[in-house]
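Hi,

Here's the model I said I'd pass along. Have a look at it first, then read on for what turned up.

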Amino acid sequence: MSGPGNWLRAFAVLVCRPSTVERLVDPIISDLRIEYAAPGSAWHRRAVLLRAYLGFWKALAVHGALSIGKRAEDGDQAVFRRAVGFSCLGFAVVTGLLVLPPLLEGLQLKGDRVRQLRFAVTLIPQALPISIPIGVCIGIMSAIRARALSRRDLALTLTIGLIAACLVWAVIEWGLPWGNQRFRQMTIAAVGDGRLVHLEPGLNELGFSGLASRTDVAAVRHYHLLWALSFAAIPLALFTLAVAARVRRPAFRTLLILMTVFGYYAILWVSDSSLRQGAPVLLAWVPNVVFLAAGATLFWRSPRFNE
Amino acid sequence: MSNPVPTLSAKEHVILELLGRSREMYGLELVTESAGALKRGTVYVTLGRMEEKGYVTSHAGETSPAQGGLPRRLYRSTPYGRELLAMMASARRLSLRFAR
């Protein structure tokens, strides 16, 4: 079997069930090949490829989302599976959205594409501390749909939030310093003689263990901000749970996810600006405290929960 | 508990109408004929769901060298799908009459 779309099909065979490949992937690839083989200019063929590739990923995303929702039945396990499934889907989409612009920009530059791809890989750790908490919000908002809450829902939410917080912590400790340092080294190598040189790590190239030994004001501020950011998933998850139980309309739910995430990072930005002016480092925790307090209040004031 | 009353979404409605006009159609043909009502990214997902519900049926068509060995999937509406479409149309007419 040959022609455009080979690698898309190979990817689908790896991750999808045979029935999905047969009924969803193969018809899309078949359409792509027929359109691509039709007479037309090179630009027309490129447009065909672009449309078909976008269509393929959209179809796979929609099918994945519908399958997660469909497979889950009622019950705690099903809610947990649905929350984790949608969290992973949301996390993957948000990471893709954050990494795609610099990746596409890099691919447009002349030169070695493998090197551009390596540049993009070093940017992924920067996206994860943001995309993981957003993914959790999407997962919980999708799993809990305007219904009565129980203590089990709270336990489930806190578990997912804690797992996400541990992941973010690990990324900040190991992934982020590696990615940032590698990116700097590769940038200098690209403008220099191509060799990777040793660079002293700056604040952005240090994890918790590296920052803990520093005593200067900027490092202490950065250290507390990173700790606060690594725990963001827990208050955001609790707040999302409390809101998700009260809202039914999908459009409004989507808007609330966006507003929650935007609100969190807006407060974090204000805290960061205040810290630069010498405010106490505890201000770094303000967004977490605000969302934790708001989430807990909304949760315990829920009349259904109190029944 | 599943919903005992069958329903048709706007996209399912368009697909059944198009399949009612022609004997068999493939996904991209449906997208082209729908004049923007159907998108290539979701048409096969919708067709798959409709097949599970029993509104349409499909089979693999013949392959040509341009398809690189992959057959196109041809869809046709089932008697149940056509009956449902007719029912929806009459219900719509009835509701319009009451509205007047």
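Contact here means heavy atoms within 4.5 Å. On that basis, in this predicted model, the contact between the two chains draws on 26 residues from chain A and 21 residues from chain B. Together the chains bury about 2,000 Å², with 57% of that on carbon and sulfur atoms. Which three residues of chain B supply more of its buried area than any other three? They are B:Arg40, B:Tyr44 and B:Leu70, which account for 31% of the area chain B buries against chain A.

Next, the sheet in chain B. It's an open one, with 3 strands in the order 1-3-2 and antiparallel pairing. Strand 1 (25–26) and strand 2 (56–60) of chain B each have a single partner strand, so they stand at the edges and one side of each has no neighbour in the sheet. Helix 2 of chain A packs on this sheet and touches strand 1, strand 2 and strand 3 of chain B, with its direction at about 115° to that of strand 3 of chain B. Strand 2 of chain B and strand 3 (residues 73–77) of chain B run antiparallel and are joined by 5 bridges; for instance, B:Ser58 has B:Tyr75 in strand 3 of chain B as its bridge partner. Chain B's own helix 3 lies across strand 2 and strand 3 of chain B, running at about 115° to strand 2 of chain B.

Then there's the cavity search. It gave 1 cavity of 30 Å³ or more, and the largest cavity holds about 80 Å³ of space. From chain A, the lining takes A:Ile28, A:Asp31, A:Leu32, A:Ala52, A:Gly55 and A:Phe56. By type, the lining residues are 8 nonpolar, 2 polar and 2 charged.

One last item, within chain A: helix 10 (residues 250–276) and helix 11 (residues 286–300) of chain A pack at an angle of about 145°, their axes 8 Å apart. Residues meeting there include A:Tyr264 and A:Ile267 from helix 10 of chain A, and A:Pro287 and A:Phe291 from helix 11 of chain A. That helix 10 to helix 11 contact in chain A has 7 nonpolar residues, 4 polar and no charged.

Cheers

Technical notes: Residues are numbered from 1 along each chain as its sequence is written. Chains are lettered from A and ligands numbered from 1 in the order in which they are written. This is a predicted model: local features need pLDDT of at least 70, side-chain atom pairs count only at pLDDT 80 or more; totals for chains, interfaces and linings use all residues. Side-chain values use heavy atoms; hydrogens and water are left out. On a 1 Å grid over the protein atoms alone, a cavity is a set of points where a 1.4 Å probe fits but cannot get out, and a pocket is an open set with protein on both sides within 12 Å along at least five of seven lines; lining residues have an atom within 4 Å of a point. Grid points are joined across faces, edges and corners, and a volume is the space filled by probe spheres set on the points. Ala, Val, Leu, Ile, Met, Phe, Trp, Tyr, Cys and Pro count as nonpolar, Asp, Glu, Lys and Arg as charged, and the others, Gly among them, as polar. Two strands pair if DSSP finds at least two bridges between them. Helices (H or I, at least four residues) and strands (E, at least two) are DSSP runs, numbered from the N terminus. Axes are lines fitted to C-alpha atoms, for helices over the stretch in contact, and angles run from 0 to 180 degrees between N-to-C directions. Buried area is the accessible area (1.4 Å probe) that two parts lose on being put together, summed over both.
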